[in-house]
Each structure stands twice: as structure tokens, then as C-alpha cells.
Amino acid sequence: MKKFCITFLLSGIIILSALGVFSGAFGTQNGSANTEYLRIHIRANSNEGEDQAVKYLVRDAVVAYLTPVVAETETREEAEAALDDCLPGLVRTAEQVLEKNGFFYGARAEIREEEFPTRVYGEYTLEAGVYRALIVSLGTGTGDNWWCVVYPPLCFAGEPGDSVVYRSKILEIIRSWKKNH
């Protein structure tokens, strides 16, 4: 009976520790900015059908542009620094897509804190709260938007021209840890 109690107690501690680690990673604490993630927010010029359609074309080009930039980063800070360095190229990429499709209202990009609602990415849930985010505004940026996670890359991976593939750096880390232990 003593072995059972010790095993039960240790199992409980391990489970509670794991839940504490993962709940801290997937939300914000005390209203402060979540420091584990770098999100992306692409805002359309308006809610008109044409502006919404071109937003998705810009999204595809931006994802293709950013994938190799963040692929090798290992922290949110590294990803943010890499993105900060490539903001002019990202804006050029977005504007080229806009102009190719007859839109000349331009694009802007910046990294800042932004409020996000709860969002589910496959098996992961990011709680509502304040996150660091790459904000890409097309024209006025007042239309509906698309958002995802740049780091860890929960929403994209692949080569330009590929369809978007969902990938989780966290899941890769967990699988690597399990494989080595």
C-alpha cells in the first residue's frame, strides 16, 4: 500500500507540474504580455470582397517570405529580431502582390503588442490576451483580418508556391524530448 501511495503521489506531482508548464506556455499571466509567442496579424483595407480576397494573396506571399526567416530561430526574441530586420522586404512583398492585383493603397508592417482573442491552432489553444505581434496593415487596415503564430511557427512551413502546411515547433520539441528520454 505504501508503494501505491508513493507512486500515486509522484504521478500526481508529475501531472500537475506538466499542466503548470503547459498552461503557462499557452496563455498570459496576470494580464501581462505572453512572452512565448510572436503572432502575425494581417489586416485588410476594408471588408469589401476584393480587399478581403487580396488579403489572402498577400498572406500567401508573406508566409512564403517569412518561412525561411523564422525557420532557424530558436526563441521568440530571435524570431522578432529576424523579422525586424526584414520588415522593408516584407512590406515590398505585400505591396508587389497588391499592385499586381490592381491595388495601390500600400502596406505597412510593425512589431508591437496586440490584444488577441482565444484562438485554437489544431490541438493547441492560445488564450485571449496581449501578445507581441507582427502587424501587417493593407491600405487603411480597417477590414477583417487573418492571424496566426509566427513563432513558434504553428501556422506555416514550406517553400514558396507550396500550400500552407501547419507545423508546431512545440510538438517537435516534445517529440524530440520523448525520443531522447
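Is Trp147 buried or exposed, and what is its relative accessibility? In this predicted model, Trp147 counts as buried, because its relative accessibility is 18% and the cut-off for a buried residue is under 20%.

## The aromatic cluster

Trp147 belongs to one aromatic cluster, which it forms together with Tyr37, Phe116 and Tyr131. The count for the whole model comes to four aromatic pairs. Phe116 counts as buried at 2% relative accessibility, and Tyr131 counts as buried at 0%.

Phe116 also pairs with Trp147: the ring centres are 6.3 Å apart and the planes stand at 70 degrees, so this pair is edge-to-face, given that planes over 60 degrees apart are classed in that way. Here, too, distant parts of the chain are linked, as Phe116 is in strand E2 and Trp147 is in strand E6 (residues 145–151), 31 residues apart. The table sets out the two pairs described here.

| Pair | Centre to centre | Angle between planes |
|---|---|---|
| Phe116 and Trp147 | 6.3 Å | 70 degrees |

## Arginines and rings

Arg119, whose place is in strand E3 (residues 119–121), is partly exposed, with a relative accessible area of 32%. Leaving aside neighbours within four places in sequence, Arg119 is in contact with Arg39, Tyr124, Thr125, Leu126 and Trp147. The C-alpha atoms of Arg119 and Trp147 are separated by 9.3 Å, although these residues are 28 apart along the chain.

In soluble globular proteins, nonpolar side chains tend to be buried together. The largest nonpolar core of this model has 41 residues, and those with the most contacts inside it are Ile40, Leu66, Leu83, Leu134 and Leu138. Several elements give two or more residues to this core, including E1, H2, H3 and E2, and H3 gives the most, with nine residues. Ile40 shows how such contacts reach across the chain: not counting residues up to four places away in sequence, Ile40 touches residues that include Val62, Leu66, Phe116, Leu134 and Trp147.

Helix H2 (residues 49–70) has 22 residues, which at 1.5 Å a residue should span 32 Å, and the end C-alpha atoms are 31 Å apart, which agrees. Among the buried residues of H2 are Val54, Val58, Ala61, Val62 and Leu66. What covers the buried residues of this helix includes strand E1 (34–43), H3, E5 and E6.

Thr93 is buried, with a relative accessible area of 15%, and a polar atom of the Thr93 side chain lies 2.9 Å from the backbone oxygen of Gly89. Apart from neighbours within four places in sequence, Thr93 is in contact with Ala61 and Tyr65.

Notes
Residues numbered from 1 in each chain as written. Predicted model: local features only at pLDDT ≥ 70, side-chain atom pairs only at ≥ 80, totals over all residues. Heavy atoms only, no water. Phe/Tyr/Trp six-rings, centres within 6.5 Å; stacked < 30°, edge-to-face > 60°. Buried < 20%, exposed > 50% of the residue type's maximum accessible area, 1.4 Å probe, protein only. Helix = DSSP H or I, 4+ residues; strand = E, 2+ residues; numbered from the N terminus. Polar contact = N/O pair within 3.5 Å; in protein donor to acceptor, adjacent residues only side chain to side chain. Contact = heavy atoms within 4.5 Å. Expected span 1.5 Å × (residues − 1). Core = buried A, V, L, I, M, F, W, Y, C linked by side-chain atoms within 4.5 Å.
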